[in-house]
There are 2 protein chains.
Amino acid sequence: MSAPPTYLALTGGVGGAKLGVGLAQILPPSQLAFLVNTGDDFTHLGLHISPDLDTLMYALAGEANVELGWGRRAESWRFIETLRALGGESWFNLGDRDLAVHVLRSERLRAGERLSRITQQLNAALGTQHAVWPMCEEAVPTIVHTVEGPLAFQHYFVRDRCAPAVTGFEFRDAAAARPLPQLLDWLADPALAGIFLCPSNPYVSIDPILAIPGVRTALRASGVPIVAVSPIVAGLAIKGPTAKMMAELEVPASALAVAQHYGDLLTGYVVDEQDQALLGPLRESGCAAIATPSVMLTLADKIHLAGVICQFADDLRSAAK
Amino acid sequence: MSAPPTYLALTGGVGGAKLGVGLAQILPPSQLAFLVNTGDDFTHLGLHISPDLDTLMYALAGEANVELGWGRRAESWRFIETLRALGGESWFNLGDRDLAVHVLRSERLRAGERLSRITQQLNAALGTQHAVWPMCEEAVPTIVHTVEGPLAFQHYFVRDRCAPAVTGFEFRDAAAARPLPQLLDWLADPALAGIFLCPSNPYVSIDPILAIPGVRTALRASGVPIVAVSPIVAGLAIKGPTAKMMAELEVPASALAVAQHYGDLLTGYVVDEQDQALLGPLRESGCAAIATPSVMLTLADKIHLAGVICQFADDLRSAAK
């Protein structure tokens, strides 16, 4: 009797967190782990802020602010309003409840605790038992190169509202970072049945994870299907600057181009039902591909997509045997 | 034509801030400066917290939380409630609005700004133009020695609610601290007409200021009357642990004992009208003394007491000429 199949999901941003919620609904903590982009992390007002870790944490805990699309639900803004009135830097909005996470994380990092451990403690405090791992313990800040010069990610993303045209990306200090041992253990486990690249921004959510030395190799060495879900639907990004970035990088803003970006890392690719026409070209390029409704508005949508990708990975594994 | 008389008020805690409000009502910024205890300052959750600076700042700005007796008015508690729920250290209550001050101060200190400059910026942002100086730029943490061992001040005061019996006080690293140049300039100015020791706790609000090397000497060298207002009225402290500390130190909890504690630093002493009987012993000991209503419940009470001490200082100065 073999152990139940396990899965790993690479994620960053809101789209990835939505699929994460679906996966967490159908897979128990023993069968699902998340590997999360921390290239967005930055120090602001003396606080270590991990936007993608928090987006996933709040989503998994049912604490996401659905109206805003970021931050924590039932939020209040007394701190940041007061900071603004005092002349403090207030371009990065920090809710009063959200702030508690940043203060606690920062304090524990200063005390010498590892980011991975703090992340697990925070998720546990909010009732989540699934493994949520930062891509590494080290700081690997994403630098967005733009026509106006290099920008720290949050300066590009929040302060400048993604306005400057992008010319490239840099994952600073990635060479000195190391994959988490628990990730390597998970990937080496014979129970592993699939790896998912969530419908996150490939350039600034997934690529930073893949830039950690050893991660890409370990993903491929696992020998299990690696299935990506396109963040582009009918030429548009559901949320965020993916399509805008692609245009600026002179890449067609299409699901096909995202698959080409991931290249031979992929075993399978999932496009939205609106992009059925891309299945032919994808398969011609040698990538197994399916189409399914992938726009996640309801919990049922998330569970549906999670079920589809698990089944797809299982099918690909059976086919390869 | 001589310049208008100027005054310096040494203060810490709520009683001192109340008299500070009265003084600021009757003296323009050019004629009044505050020298504030920072022995209570501590680092908590990575934030530099300056309780006495903030108590005075909020009082002068009309932002003090009168119901609580500390913190900022119209406060909310979403941050600390969330921090508590996450398992963070929550014994020191931090309001959402108050937190903005701590975050801003901490950030600017980390950026290398001086505490005195940050203090002035914060006060200015809240509309206060009077000079408010920390007793020094350096950290000089008050350690409360108790029968249970030494305690950092806020651990004694807030976490342990002043329960452990006090055996003494230590102003750690005071020897390495220096008076502010602007204080020394103010004291050397021929316009200086009086120095006030506000009705603050002598052991943990005023003594830390006097422990900064050169301060006591500079106060006396100014040659102007040094007038203290008793924090003890009819054997009781209006607020805080002064009377409890005196009992534990085996000192009678009386206005007289406070005057004796300050010793020959004092030129004049102000007791409450309820302590009229102490005027005889005080004068016999060589200290000029007056009695006046000193319990400050209303703004009028504060203005009255401020007026009395200014007049008393002027009278003492005239008498000495």
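**Notebook: a two-chain predicted model**

I first superposed the two copies: a rotation of 180 degrees, with 0.0 Å of shift along its axis, brings chain A onto chain B at an RMSD of 0.0 Å. The copies are thus related as by a two-fold rotation axis. I then looked for the residue of chain A that comes closest to this axis and found A:Asp96, whose C-alpha lies at 3.2 Å. I noted also that the same surface serves both copies, since 100% of the contact residues of chain A recur in chain B.

**Confidence**

I recorded that this is a predicted model. It scores ipTM 0.90 and pTM 0.92. For chain A I read a mean pLDDT of 96, with 100% of the residues at 70 or more.

**Interface**

I counted the contacts between the chains: 22 residues of chain A are in contact with 22 residues of chain B. On the side of chain A that touches chain B, helix 3 (78-85), helix 4 (96-110) and helix 5 (115-125) each supply at least two residues. Helix 4 of chain A gives the most, with 10 residues.

**Overall form of chain A**

I found 13 helices and 14 strands in chain A. I compared its radius of gyration with the globule rule: for 321 residues a compact globule would have a value near 20 Å, and the 19 Å of chain A agrees with this. Along the principal axes, the C-alpha atoms of chain A fill a box of roughly 65 × 45 × 40 Å. Of the 321 residues, 52% count as buried. I also examined contacts in chain A between residues at least 6 apart in sequence, and 67% of these join residues at least 24 apart.

**Strand 6 of chain A**

I traced the partners of strand 6 (residues 142-146) in chain A. With strand 8 (residues 166-171), strand 6 of chain A pairs in the antiparallel sense over five bridges. With strand 7 (residues 149-152), strand 6 of chain A again pairs in the antiparallel sense, here over four bridges. A hairpin of two residues joins strand 6 of chain A to strand 7 of chain A. I followed A:Val144 to both sides: A:Val144 stands opposite A:Phe169 in strand 8 of chain A, and its bridge partner in strand 7 of chain A is A:Leu151.

**Helix 8 of chain A**

I checked burial along helix 8 (residues 202-210) of chain A. Eight of its nine residues are buried, so the helix is largely enclosed by the rest of the structure. I listed the buried residues of helix 8 of chain A as A:Pro202, A:Tyr203, A:Val204, A:Ser205, A:Ile206, A:Asp207, A:Pro208 and A:Ile209.

**B:Phe153**

I turned to one residue of the other copy. B:Phe153 is found in helix 6 (residues 153-159) of chain B. B:Phe153 is buried, because 20 other C-beta atoms lie within 10 Å, and a residue counts as buried at 20 or more. Leaving out residues up to four places away in sequence, I found that B:Phe153 touches B:Gly39, B:Asp40, B:Phe42, B:Pro141, B:Thr142, B:Val144 and B:Val204.

Note on methods: Residues numbered from 1 in each chain as written. Chains lettered and ligands numbered in written order. Predicted model: local features only at pLDDT ≥ 70, side-chain atom pairs only at ≥ 80, totals over all residues. Buried ≥ 20, exposed ≤ 12 C-beta atoms within 10 Å, placed from the backbone. Least-squares fit on C-alpha atoms with pLDDT ≥ 70 in both. Contact = placed C-beta atoms within 7 Å. pLDDT = per-residue confidence, 0-100. Rg over C-alpha atoms; globule rule 2.2 N^0.38 Å. Pairing = 2+ DSSP bridges.
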